[in-house]
Amino acid sequence: MRRSVASVSVRDDPVRELAALSGRGVPLLRQWVAERPRLGVARALLVLATGDALSDAELRDELTVAHQDARSADARSMSLVYGVFLQTHRQYRMTADHLLTHFARWPGDEVAGLMLDAFHACGETDYRARGDALAEEQYALSGPESWTWTSRLAWVRAEQGRAEEAHELADRALALFPRSGLAAHARAHAEHERGAGPASAAFLDAWLAADPRAVQFKHLNWHAALQSLAHGDVADARRRADEVLDRADVGMRSATNWRLLLAGQTPAGRCDPAHVRELLAAPGGMAEVFHTFNLALALAVEAATDDLRALAHRAACDERPDYRHVLAPVVQALAEITAGRTAAAVDLLTGLGARTERLGGVRVEREIVQDTLARALVDTGEHARAAALLHPRTRTRAHHTYEDLLLTPKAPTGA
């Protein structure tokens, strides 16, 4: 489907590079827009790639121009621009509904596939299932020779916990197009489930070396840090957090540091609690549950018990169910741990069960809640319960030094 927006006058394919999460994607999009300023889809894709850095007024102005130009092109262009409008305005449920209609009319559309994350961003189980089914349908229609849809299905399988299938699909996509960022990311998730350890970190380092500007450079380094933790190379995990993740990467830095602390290890460079408070107080600071959860982890690393209690109270008073019923008890549990009341944290986290999925994020990111419960169980003397909780990991992962450390009695859990 990329051909229908082709007739691109630039030498390289900006849509392909954007789909690959390449560092060349945005520069090529800018060049495309400069050479084809009245091509609505090109302008909309540039907004899709850079929208987080635009003000509301800039976002509106750019998409208004894109929509006007798309109207003079064709129905598909108008549909794509409208999808970008919904996605960049975080209307994820409406985006997902629109994509269902779009793909029914233009099956296999690789450009529209760039917005499929909207189904998971909805935070609703039924929408996540619809998005997964849609990806499977588009893969079946496009065939195994489509690296974009093979990459997408690999990602779906990884999130479903079907690690072997995800790894096989990711390798197939990478064989078709070695620079597929989504395939590399899906493989990282599959290898996390398998506990691949050094082999996974080596693959990620080699893949990133070819494009240090890749969109996922920091995130894939974070995955490599987790693999280093998996096989006990704590120094490398700490090094990656210090050298790659900067002040703006609060979520990944805090997720790394909290894991290090849970395992009884010295954390990497800390986050500034005042900066975390600023982020929470900023407009949109609690707009997304997973973002707020990451800020809570940052406070936990700093043992900022009072801040955690205040945040738990705000979440408990929030009208959104995911904040009240999931985020609030998780944040309260973190507060109890930093205050030394681990048994109370066990009660709070045990009561959540499968509801932790409502925190958003992806499997590997939510796994830290289970890590925290396991550590708390060990610290309250319930080693058998903790071991049973982590047994699926230690049984199936080739490297699980991190899990072994979680099960080691008397490791500290506070900052």
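Tutor: Buried means under 20% relative accessible area. This is a predicted model.

Student: OK, A173 then. Buried or exposed?

Tutor: A173 has a relative accessible area of 0%, so A173 counts as buried.

Student: Where is A173 found?

Tutor: In helix α10. That helix covers residues 163-176, 14 residues in total. From first C-alpha to last, α10 reaches 20 Å, close to the 20 Å expected at 1.5 Å a residue.

Student: What does A173 touch?

Tutor: Leaving out residues up to four places away in sequence, A173 touches W147, T150, S151 and A183.

Student: Which residues of α10 are buried?

Tutor: A163, A166, H167, L169, A170, A173 and L174. Their cover includes α8 (125-142), α9 (147-159), α11 (181-194) and α12 (198-209).

Student: Switching topic. At what angle do α5 and α6 cross?

Tutor: Roughly 160°, and their axes come within 8 Å. Here α5 is residues 75-88 and α6 is residues 92-105. The cut-off for roughly antiparallel is over 145 degrees, so α5 is roughly antiparallel to α6.

Student: Left-handed or right-handed crossing?

Tutor: The α5 and α6 crossing is left-handed.

Student: Which residues meet there?

Tutor: On the α5 side, A75, R76, S79, L80, Y82, G83, L86 and Q87; on the α6 side, Y92, M94, T95, H98, H102 and R105. By class, that contact has six nonpolar, six polar and two charged residues.

Definitions and conventions
Residues numbered from 1 in each chain as written. Predicted model: local features only at pLDDT ≥ 70, side-chain atom pairs only at ≥ 80, totals over all residues. Heavy atoms only, no water. Axes fitted to C-alpha atoms, helices over the stretch in contact; angles between N-to-C directions. Helix = DSSP H or I, 4+ residues; strand = E, 2+ residues; numbered from the N terminus. Parallel < 35°, antiparallel > 145°, perpendicular 65-115°, else oblique. Left-handed = near helix turned anticlockwise from the far one by under 90°. Contact = heavy atoms within 4.5 Å. Nonpolar A, V, L, I, M, F, W, Y, C, P; charged D, E, K, R; others polar. Expected span 1.5 Å × (residues − 1). Buried < 20%, exposed > 50% of the residue type's maximum accessible area, 1.4 Å probe, protein only.
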